[in-house]
Amino acid sequence: MAKFYEYQGKEWFKKYGIPIPEGFVAKSPEEAKDAASKIGKPVVVKAQVWAGGRGKGGFVKFADTPEEASEAARSIIGKEHRGLEVKTVLVEEKLPIKQEFYAGAIINSAQDVRGPVLMFSPDGGVDIESVPKDRIALLNVDVIKGLMPYDTIDMCVSMGIKGKVLRPAADIVFKLFKMFQGLDCRSLEINPLVVCEDGRVLAADCRMAIDDQALFRHPELGIKIGREFLKEPSEFDLIGWSFEESDFRGTSYVAEMAPPEEVKKGGYVGFHGIGGGAAMLGMDAMNRVGLKVSDFADTSGNPTASKVYRVVKLIMSQPGIEGYILAGFMMANQEQWHHAHGIVKALREELPKKPGFPAVILLCGNKEKESQEILKEGLGDLNARVEIYDREYVYDASFIGSRMRALVDEYRKERGVA
Ligand code: GDP
Ligand code: MN
């Protein structure tokens, strides 16, 4: 599911007519100070990360003056919240909160529902999982009939909302659903939905995730990689994703693991696994012999030779890598000759450009005999530093690791690298 930062979600709230506090994004204490000056009132400074629980974790801070806002930003930016580095903060008007509600929508995939569920609770500001069931109004929205404005009024009334707050709260729940549908969300939450002392009702937080399968319908969202991806994609990552985007046969997952400047310092090999478990084994095998992986690549599920070829070309394009490892550590239930063809074509093009560059290839599984023939015939005449292994070495991480290490050391020695 493609995720969004709170500030991005709130921009969409605005477009869908859901009121939000005035705010600005800041990447430094100085920018946070400027933002607070522009707002001209006490502010709240909020870490922008793809994780909740910021309030409890000390990643939502209050500031009465621009100087305090700058301090708050300084204490948040660069820190990690639930393993994610905070790079930006959202500086917003601090709301005089009187009440906190919850509004949200998800897709319920349970057999008897299989559709959108709209939720409203008068007990916001805490995890919705911790709110008693009888304090949450649920509505399975009929997608043919659609949602009516009175539906959300009913929901709010059923939870005891009345008076001046009723219409604006119900209106926000209604618009939340319009946005949920309009953007093909998997989940969309406002927690808290705030009632202020001065009577305003606004969305103080936003969590939004979009269905990856629907991203092609939403170029306006600007999502570059339509799968779980916890960092800003690099050029390498984007090229890797382009193989997947244009060819659904089999899967290829490619991600950069180390910045190119680091890789150039030495000790890195280009990594290519086949299947998740085998890939983990292969990464361990490298780490145990003191080698690091510059990328993570996994081609599996019977990918085409052309897909494998593109992945190997991308792996080999990383400047500074000192080896290539194909970690086919398991008896894969896919016809491995597609891998063999793709690898041969890519390495025939790449290895002659890098004399002495080592490649260790472990490939086993269906059509193994043919695959081994393709590899040996296809690479045998290159006079390159290539070792090819079959099922005799399946799971043998220490042997394969030691071979990669030995070849990398030979290659380093030849080039006069210590
Ligand atoms: P989360 O913990 O990651 O979900 O972050 P939230 O944006 O929901 O903020 C956590 C809590 O901080 C909220 O439930 C509020 O109690 C409080 N909070 C957030 N914004 C404001 C604000 O503008 N004014 C006040 N008084 N409290 C706020
Ligand atoms: Mn929240």
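An open sheet of 4 strands has the order β2-β7-β3-β4 with antiparallel pairing. Two strands count as paired if DSSP finds at least two bridges between them, and both helices (H or I, at least four residues) and strands (E, at least two) are DSSP runs numbered from the N terminus. This is a predicted model, in which local features need pLDDT of at least 70 and side-chain atom pairs count only at pLDDT 80 or more, while totals for chains, interfaces and linings use all residues. Residues are numbered from 1 along each chain as its sequence is written, chains are lettered from A and ligands numbered from 1 in the order in which they are written, and side-chain values use heavy atoms, with hydrogens and water left out.

- Strand β3 (residues 43-47) pairs with β4 in the antiparallel sense over 4 bridges, and V43 has A63 in β4 as its bridge partner.
- Helix α1 (residues 6-15) lies across β2, β3 and β7 (89-93) and runs at about 45 degrees to β7; contact means heavy atoms within 4.5 Å.

**Helix α13**

- The 18 residues of α13 (residues 397-414) should span 26 Å at 1.5 Å a residue, which agrees with the 26 Å between its end C-alpha atoms; the expected span is 1.5 Å times one less than the number of residues.
- A397, I400, G401, M404, L407, V408, Y411 and R412 of α13 are buried, where buried means under 20% relative accessible area, exposed over 50% and partly exposed in between (1.4 Å probe, protein chains only).
- The exposed residues S398, K413 and E414 are on the face of α13 turned away from its buried side.
- Packing partners of the buried residues of α13 are β15 (268-273), α9 (276-288), β18 (324-327), β19 (359-362) and β20 (386-389).
- R405 lies in α13 and is partly exposed, with a relative accessible area of 23%.
- R405 touches V289, G290 and L291, not counting residues up to four places away in sequence.
- R405 and V289 are 116 residues apart in sequence but 6.3 Å apart in space, C-alpha to C-alpha.
- G416 follows α13 and has a positive phi, near 75 degrees.

**Buried strands**

- β18 and β19 pair in the parallel sense over 4 bridges, with Y324 opposite A359 in β19.
- A359 and I361 point one way from β19, V360 and L362 point the other way, and all are buried.
- In strand β17 (residues 295-300), 6 of its 6 residues are buried.
- Strand β14 (residues 251-256) runs antiparallel to β17 and is joined to it by 6 bridges; the bridge partner of V254 in β17 is A297.

**Manganese site**

- N191 (O) and D205 (OD) coordinate the manganese ion (ligand 2) at 2.2 Å; donors are N, O and S atoms within 2.8 Å of the metal (3.2 Å for Na, K and Ca), and water is not among the atoms, so sites may look incomplete.
- N191 lies in strand β11 (residues 185-196) and D205 in the loop between β12 (201-203) and β13 (207-210), so the pair ties together parts that are 14 residues apart in sequence.
- N191 and D205 are buried.

Note on methods. Axes are lines fitted to C-alpha atoms, for helices over the stretch in contact, and angles run from 0 to 180 degrees between N-to-C directions.
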